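User: Let's go through this one together, taking a few local features in turn. Please show me the sequence and the fold before we start.

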Amino acid sequence: MVQAGVRPDRIGSYSVDDVVFLLRDISKYQLEIKTEEREALIQSGTHYSEMLPMEYQPDEQYISLFHRTLNHYSKRIAIAIGVVAEQIKEKRGLNNLVLVSLARAGTPIGVLVKRYFKAIHQVEIPHYSISIIRGRGIDETAIDYIFAHHAAADIQFIDGWTGKGAITKELKGACQKYNAAHLNQLNASLAVLADPGHCVDIYGTREDFLIPSACLNSTVSGLVSRTVWNESFMEKGDFHGAKFYQELKDVDVSNLYVDCIAAEFAHVIEDIQQRLVELANEDQTPSWKGAQSVERIQEIFSIKNSNFVKPGVGETTRVLLRRVPWKILINPYYSNDLTHILLLAKDKNVQVEEFADMSYSCCGIIKEL
């Protein structure tokens, strides 16, 4: 249970009406490490969650690409949000529903699902954003906090997209561990906007298209950093940590992003209903098709460690923004959707290679140091 007096810090640039972050503000600590040095530490065994990448500051050309992409895809994303929300409503009901997004890629998606329920169904659903860390599980203090405030909470986890399914598996294991030790029980169901990895059964689309919030880091996620768990300065039983980059408020587009997409909801109701009819005739069972693509890529490019293969447009963007890439594989069928990937690759002088034999639009491969 939550220790008496343990409360999250007020963090992030979203309104508390949109989301409450259950995080500890660790802004006073200097945790950012240059990309090459951080990559060397990760590959030598330091856990990625103990430090932070340098926040990439895009140039004007890249920022203008974000705005063009948002304008181009806002309707498509609004439809996918509605499709996700309606599936959640159908499967879970709305009475005890609590939305819990996985910080930070899940946060803007959770905000939009919450806004959809309010705009279309006139119901206010609680929404929290919490930390999950690969290899270390979910923030159980945050889960305890939710149950302390919503005794009958039926938690629905939300993320932005799937890659090869590492977080889907992490969430399942974390929920099993939590359920074995607590009376309150978690459902490991994960809802995502895009599921190109075919890892979940609640999704807006399985197409691997550019979600504009994948283009940027904290400036589209409420000015919140990646989440951190570092026992050298954090106490057991406390919330996982994150930094609040208030100094970036002048370039923050977090609220612009969700406002732009939410404005489309009223105009896409018919599209959402049509898509739900199509989904009813699809097999939504996870096939883990994406994992098979990753195995092929490992075999063809002689990559021993699957952690070096980051498939999908969201994960490829992350590789370019905060890892040391070896090369980027581009599926030529989707090349029109990948302008920002090509821009970043050119900016960082990373080799781009065409590769069509995958279920993704692109794939980032991390350089082995």
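User: Which residues do ring pairs link into a cluster?

Analyst: Rings of Phe, Tyr and Trp (its six-membered ring) pair when their centres lie within 6.5 Å. This is a predicted model, where local features need pLDDT of at least 70 and side-chain atom pairs count only at pLDDT 80 or more, while totals for chains, interfaces and linings use all residues. Residues are numbered from 1 along each chain as its sequence is written, and side-chain values use heavy atoms, leaving out hydrogens and water. The cluster joined by ring pairs consists of Y116, F117 and F265.

User: How many aromatic pairs are there, and why is the pair of Y14 and F21 given the class it has?

Analyst: The count of aromatic pairs in the structure is eleven. Planes under 30 degrees apart count as stacked, over 60 as edge-to-face and the rest as tilted. For Y14 and F21 the ring centres are 6.4 Å apart and the planes meet at 25°, so this pair is stacked.

User: What parts does the pair of Y145 and F239 tie together, and how many residues apart in sequence are they?

Analyst: Here the centres are 5.9 Å apart with planes at 70°, so the pair is edge-to-face. Helices (H or I, at least four residues) and strands (E, at least two) are DSSP runs, numbered from the N terminus. Y145 belongs to helix α4 (residues 140-149) and F239 to the loop between β11 (202-205) and β12 (241-242), so the pair ties together parts whose separation in sequence is 94 residues.

User: Is F239 buried or exposed?

Analyst: Happy to check: buried means under 20% relative accessible area, exposed over 50%, and partly exposed in between (1.4 Å probe, protein chains only). F239 has a relative accessible area of 0%, so the answer is buried.

User: Which ring does the charged end of R76 sit over?

Analyst: A charge sits over a ring if NZ of Lys or CZ of Arg is within 6 Å of the ring centre and within 35 degrees of the ring normal. K327 does this over the face of W326, at 4.4 Å from the ring centre. The charged end of R76 is 4.0 Å from the centre of its ring, which belongs to F209.

User: At what angle do helix α2 and helix α7 pack, and are they roughly parallel or oblique?

Analyst: Axes are lines fitted to C-alpha atoms, for helices over the stretch in contact, with angles from 0 to 180 degrees between N-to-C directions. Helix α2 (residues 60-92) and helix α7 (residues 269-280) have axes 9 Å apart. Angles under 35 degrees count as roughly parallel, over 145 as roughly antiparallel, 65 to 115 as roughly perpendicular and the rest as oblique. The angle is about 55°, and the helices are therefore oblique.

User: Which residues of α7 make this contact?

Analyst: Contact means heavy atoms within 4.5 Å. The α2 side is made by K75, A78, I79, G82, V83, E86 and Q87. The α7 side is made by D271, I272, R275, L276 and L279.

User: What is the phi of W288?

Analyst: W288 lies in the loop between α7 and α8 (289-300), and at 26% relative accessibility W288 counts as partly exposed. Although W288 is not a glycine, its phi is positive, about 55°.

User: And where is the cis peptide bond?

Analyst: R104, one of its two residues, lies in the loop between β5 (97-102) and α3 (107-121). With omega near 5°, the cis bond runs from A103 to R104.
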